[in-house]
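The entries follow in the order in which I looked things up.

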Amino acid sequence: MRFSQEELLNTISSISYISNLQDLKFDKDLVIFSIAFNLEGLNEEITFEVTIHSQYPFKFSGSETIIFRNINLIKYSHVMSNGSVCFHNQHCVDFRQKLIQDFDAIKNWITKYIIKEEKDSHYEHLIVNNGTFEGSHYAYQFTDVKESFKKGEFGTVSLKPLIDSPYCQSRISNYLVQNFTESLSFAIKNCGWNAHYIDPNQSEQGLYVFIKDAPAINDRFSFNNWNNFEDLINQEFLQYLSRYIIGIRSTYNSKLPLPLFIGFHTKDRTTHWQVALININENIFEGSTDINGRPIYKLRNKSITWAITNNSSYSYFFGRGSFNDRLTNSKILIIGVGAVGSNVAKTLTRCGCRNISLADYDIKKPENICRSEYEFIYAYANKVDELRTLLYNISPFIDVDIIQGSLTQYIKIEAYARELAAGIETIFSNYDYIFDCSTDDDLMYILDNLNVTADIINLSITNHAESLVCGVSPNTYKFVRHQFDNILKNDVEDLYNPIGCWSPTFKASYNDISTLVQFALKHINIMVSNKKLNSFVINQDNNYEYLKVSKF
């Protein structure tokens, strides 16, 4: 122990609202005792069995190493199935201060939930004991659908297998819910993913039933036995389930579970799903008949194996932080997806943007990987094709289109310029924002002279990444060239020439580029939110200690 028995007793004696310490067991690995809390407003004192682990006052795997347990309090909020109170306290390495702090947390919990009888307004997930099927874990991602579900509704679920992966000491099979099909009307309710994930190819099937009320004990603990559902699942569905299992038993791979999605409303009226894993070779029904000899379907007294389920709807997926709605709901085109453009594309995707198009005629080679967002597993690939795949791997809400990158080169040819200009103006005007990350001054000049309604944002970085220039239409070309030609230090002699002088590129690491691009996108997001875009320059000081933004 990191503390002595004397320190423990002295600290406890200093806390006025606790008393009657009993059954103290103190050894080097564990401390156990019982103690009573007596607070004003309580009808009688509350006794907890307290367990302190050897790591105390440190946390272990993010959890507190002191436990306050009273199984008689299980009906109250934040009490686990074993009677322990769930709480999280601030970091503290001083034993005395930490112990007082933790006892105060339990005191505050008693005051809030027992004395004042307060209820939490936010939604808390049910506490579910997830299990394995044939030694493997299973996880299912679902999202919102536009349509509602009515009580007793049931049908099939279309599932897209994702990539299996290591999980704890086992493996996990990952799935995504594509849609729900109602059994009677055959109405299809599509989940709110992008088209890439709704694609019906390689779909698998499960079943669903919507019971409306949460399958919960004490509003927090999920049912763990099939017969708990006796009053929540009707005979029509049980008959449907029984016949479905019988129908697939001869052809179904018994090493795989049949997933049953059980839906209900949360406290905030959100639809949530829990998935029970059914072994089709094990009978979950008890046979009986009514007075007319007709079968009655009744669920057995048998434990449920729950899978992992997660609501990955857009608001949850990006709930920890996204760009403002004006940007995330916009149509965005990125021209040039090299070191700068690929970074822009991935950042916009991770920050919640839903609609991005990519334009680039170039091929990704292994030497491009070190400072861009590409991966070695695709050694050679079209940049736009690989990047589209990577963006889909990040977000199931992003729609990614590819437009012909060679158009931006053919428009430079006099014979095609006028003919292509009108078409490009129409295409580009379908977008709200165009990020020109091509570092192509000729293209920048042409774009500046096109009649395009989209806001064009040019991002260019100087050699050695000492500065980033963000030029915003109109007059992008004039602003950017003035900065590079007259203001900024940009050594065009010291370039990187890996395989000859015909393909020189600027020198900068991934860290150099990403630092500037991320800082630039932060300012662009703020400007879009304020509905006012301006050109700006980001400069680093000589010692690389700070970044300075100069707006124009």
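**Entry 1: the sheet**

I began with strands β24 (residues 455-461) and β25 (residues 467-472), which run antiparallel and are joined by five bridges. The model is a predicted one, and I read everything below with that in mind. Within this pair I found Asn458 opposite Gly471 of β25.

I then asked which sheet these strands belong to. They sit in an open sheet of eight strands with mixed pairing, in the order β22-β19-β18-β23-β24-β25-β26-β27. Its edge strands are β22 (399-402) and β27 (547-551), each of which pairs on one side only. From one strand to the next the twist averages 20°. I noted as background that strands of a sheet pair through backbone hydrogen bonds, either parallel or antiparallel.

**Entry 2**

Val469 stands opposite Val537 in β26. Is strand β26 (residues 536-540) mostly covered or mostly open, and how many of its residues are buried? I found β26 mostly covered, with four of its five residues buried.

The next pair is β26 with β27, antiparallel over five bridges. Here Ile538 has Val549 of β27 as its bridge partner. The two strands form a hairpin with six residues between them. In the turn, Tyr544 has a positive phi of about 55°.

Helix α7 (residues 339-350) packs on it, touching β18 (331-335), β19 (355-359), β23 (433-436) and β24. The direction of α7 makes about 160° with that of β18. Helix α11 (residues 441-448) lies across β18, β23 and β24, and runs at about 155° to β23.

Helix α11 also packs with helix α12 (residues 476-487), at an angle of about 145° and with the axes 8 Å apart. Which residues meet there? From α11 I listed Asp441, Met444, Tyr445 and Asp448; from α12, Thr476, Tyr477, Lys478, Val480 and Arg481. By type, the residues of this contact divide into four nonpolar, one polar and four charged.

**Entry 2: cis peptide bonds**

I noted a cis peptide bond between Ser473 and Pro474, with omega about 0°. Pro474 is placed in the loop between β25 and α12. The bond from Tyr56 to Pro57 is also cis, with omega near 15°. Pro57 falls in the loop between β3 (46-53) and β4 (66-69).

**Entry 3: positive phi**

I looked at two residues other than glycine with positive phi. His78 has phi near 65° and is in the loop between β4 and α2 (95-115). Glu134 has phi of about 50° and lies in the loop between α2 and β5 (137-142). Why do I call Glu134 exposed? Its relative accessible area is 59%, and the cut-off for exposed is over 50%.

I found Thr271 in strand β14 (residues 271-278). Thr271 is partly exposed, at a relative accessible area of 22%. Leaving out residues up to four places away in sequence, Thr271 touches Phe142, Phe149, Phe210, Phe264, His265 and Asn311. I also took the distance from Thr271 to Gln518: 36 Å, C-alpha to C-alpha, for 247 residues of sequence.

Asn253 is in the loop between α4 (235-248) and β13 (258-265). Asn253 is partly exposed too, with a relative accessible area of 41%. Its C-alpha atom is separated by 9.3 Å from that of Ile280, 27 residues apart along the chain.

**Entry 4: the whole chain**

The protein chain has 13 helices and 27 strands. Its radius of gyration is 31 Å, well over the 24 Å that the globule rule gives for 552 residues, so the chain is more spread out than a compact globule. The C-alpha trace spans about 85 × 75 × 40 Å along its principal axes.

Of the 552 residues, 46% are buried. Among contacts with a separation of 6 or more, 62% are between residues 24 or more positions apart.

Definitions and conventions
Residues numbered from 1 in each chain as written. Predicted model: local features only at pLDDT ≥ 70, side-chain atom pairs only at ≥ 80, totals over all residues. Heavy atoms only, no water. Buried < 20%, exposed > 50% of the residue type's maximum accessible area, 1.4 Å probe, protein only. Contact = heavy atoms within 4.5 Å. Pairing = 2+ DSSP bridges. Axes fitted to C-alpha atoms, helices over the stretch in contact; angles between N-to-C directions. Rg over C-alpha atoms; globule rule 2.2 N^0.38 Å. Nonpolar A, V, L, I, M, F, W, Y, C, P; charged D, E, K, R; others polar.
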